[in-house]
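This report describes selected local features of one protein chain.

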Amino acid sequence: MRTLSGIQPSGALHLGNYFGAIRQFVSLQEEEGEALYFIANLHALTTVRDGSALERYTTAVALDFLALGLDPGRSILFRQSDVPFHTELYWILGTLTPMALLERGHSYKDKLARGFGADHGLFAYPLLMAADILLYRADRVPVGKDQKQHLEIARDVATKFNLAYVPGYDPQDPEAREKKHRPGILKLPEPLILDSTAVVPGTDGQKMSKSYGNAIDLFGTDKALKKQIMGIVTDSTPVEAPKVPETNTVFLLLKLFLPPSDIETLAESFRRGGTGYGAYKKQLLDAFHAAFDPARARRQELEKDLGAVEAILRDGAERAEAIARPVIEDVRRAVGVTGR
Ligand code: ADP
Ligand code: TRP
């Protein structure tokens, strides 16, 4: 079983990234098999247009990952750009990808709909992501719900490649369980989506995102954190009045930190009334500190030795490349670009 995922270094990591992605990365490394996690710095080029900022964000994500419990002894942690096969496979896949498939991409479509001119990087974004995954023959890809379409595109493109280049490949039987079929060169990945926390709301009630200015950052200063949490937008229901938990941002965020048995108690407290949003926000702030203070302290320690972090990334890139090499060689052979 091979698990792989990536995260863009396009800004500070937030609660949505943790509950939607990183928490799963950390727990999956306990399981049997291999886990690869990478910092998708080439993807981040679609939004970050400042070289030194991108370098800083990349180091920051590596620190965040390590502080939150990714263990380079058990997982392979690397920078996407350190393994150049990603962009090679991306190009090859592009020659098999109908325009219409990428034109359906959410982020591309949204940008056009909002009246912005989209560039080729954004258009081709899902294809680079497909290459990231297919290059390692990943079995499963833990991601937030918003990435589901990208996984479908990766599966689609893998199928197109196999159909084009593997005689005897049958998309109904991709692993060739039947003797008359042949297995694909590229493996179809499965998304792994945690439904209970599929979309973490931001401080304005919309999906939490780095780009919406509604994030609660994992590693901000105490002061910034307090400001973000106390600034969660709530309605004007008076303290004593009953409140509806299901649609309330503070409830939905607080829920993430509670054991299942305490969630119903909290919901009852909302319905009963008598507690103001300020008190719930304070409870959320305390829960955040209890959950993340150990990681926050660890990150400060790691920051003192960036050379060690760089060494972890380089070692990760070598291990990743060793896994990817036979795959890209199979691909080159199939398409006829083996060369020297
Ligand atoms: P952002 O929207 O802040 O730029 P990314 O797109 O870089 O976040 O997402 C990184 C990972 O975190 C992805 O797996 C994504 O699905 C997950 N993720 C991001 N925001 C949320 C959210 N609000 N709820 C759940 N998961 C999220
Ligand atoms: N697009 C993903 C995101 O924004 C990041 C990413 C890039 C990724 N390549 C990937 C995730 C490959 C999983 C697998 O969250």
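The model is a predicted one. Glu310 belongs to helix H13. From the C-alpha atom of Glu310 to that of Ile232, 78 residues away along the chain, the separation is 36 Å.

Ser81 lies in the loop that joins strand E3 (75-79) to helix H4 (85-94). With a relative accessibility of 34%, Ser81 is likewise classed as partly exposed, a class that begins where the buried class, under 20%, ends. When neighbours within four places in sequence are left aside, Ser81 is in contact with Asn41 and Leu42. The C-alpha atoms of Ser81 and Leu258 are 38 Å apart, and the two residues are separated by 177 residues along the chain.

His86 is situated in helix H4. Its relative accessibility of 0% places His86 in the buried class. Apart from residues up to four places away in sequence, His86 touches Phe78, Gln80, Leu128, Ala131, Asp132, Leu135 and Tyr136. Leu254 is 168 residues from His86 in sequence, and the C-alpha atoms of the two are 39 Å apart.

Most residues other than glycine have a negative phi. Arg137, although not a glycine, has a positive phi of about 45°. Arg137 is placed in the loop between helix H7 (120-134) and strand E4 (140-142), and its relative accessibility of 25% makes it partly exposed. Ala176 is not a glycine either, and has a positive phi of about 55°. Ala176 occurs in the loop between H8 and strand E5 (190-192). With a relative accessible area of 18%, Ala176 falls under the 20% limit and so counts as buried.

## Aromatic rings

Phe161 is buried, at 0% relative accessibility, whereas Tyr165, at 31%, is partly exposed.

Phe270 and Tyr280 make a stacked pair, with 4.1 Å from centre to centre and 15° between the planes. This pair links distant parts of the chain, 10 residues apart: Phe270 is in helix H11 (residues 260-272) and Tyr280 in helix H12 (residues 277-302). Phe270 is buried at 0% relative accessibility, and Tyr280 is buried at 2%.

The two pairs are set out below.

| Pair | Centre to centre | Angle between planes | Arrangement |
|---|---|---|---|
| Phe270 and Tyr280 | 4.1 Å | 15° | stacked |

Ring pairs also connect Tyr18, Phe19, Phe257, Phe288 and Phe292 into a cluster.

Lys243 lies over the face of Tyr277, 5.7 Å from the centre of the ring. Arg299 lies over the face of Phe219, at 5.2 Å from the ring centre.

## Packing of H3 and H13

Two packed helices are described by the angle between their axes and the distance between the axes. How do the axes of helix H3 and helix H13 cross? The axes of H3 (residues 51-67) and H13 (residues 306-335) come within 11 Å and cross at roughly 85°. H3 is therefore roughly perpendicular to H13, since that term covers angles of 65 to 115 degrees.

On the H3 side of the contact are Thr59, Ala62, Leu63 and Leu66, which meet Leu306, Val309, Ile312 and Leu313 of H13. Classified by residue type, the contact of H3 with H13 comprises seven nonpolar residues, one polar residue and no charged residues.

Terms used:
Residues are numbered from 1 along each chain as its sequence is written. Chains are lettered from A and ligands numbered from 1 in the order in which they are written. This is a predicted model: local features need pLDDT of at least 70, side-chain atom pairs count only at pLDDT 80 or more; totals for chains, interfaces and linings use all residues. Side-chain values use heavy atoms; hydrogens and water are left out. Buried means under 20% relative accessible area, exposed over 50%, partly exposed in between (1.4 Å probe, protein chains only). Rings of Phe, Tyr and Trp (its six-membered ring) pair if their centres lie within 6.5 Å; planes under 30 degrees apart count as stacked, over 60 as edge-to-face and the rest as tilted. Helices (H or I, at least four residues) and strands (E, at least two) are DSSP runs, numbered from the N terminus. A charge sits over a ring if NZ of Lys or CZ of Arg is within 6 Å of the ring centre and within 35 degrees of the ring normal. Axes are lines fitted to C-alpha atoms, for helices over the stretch in contact, and angles run from 0 to 180 degrees between N-to-C directions. Angles under 35 degrees count as roughly parallel, over 145 as roughly antiparallel, 65 to 115 as roughly perpendicular and the rest as oblique. Contact means heavy atoms within 4.5 Å. Ala, Val, Leu, Ile, Met, Phe, Trp, Tyr, Cys and Pro count as nonpolar, Asp, Glu, Lys and Arg as charged, and the others, Gly among them, as polar.
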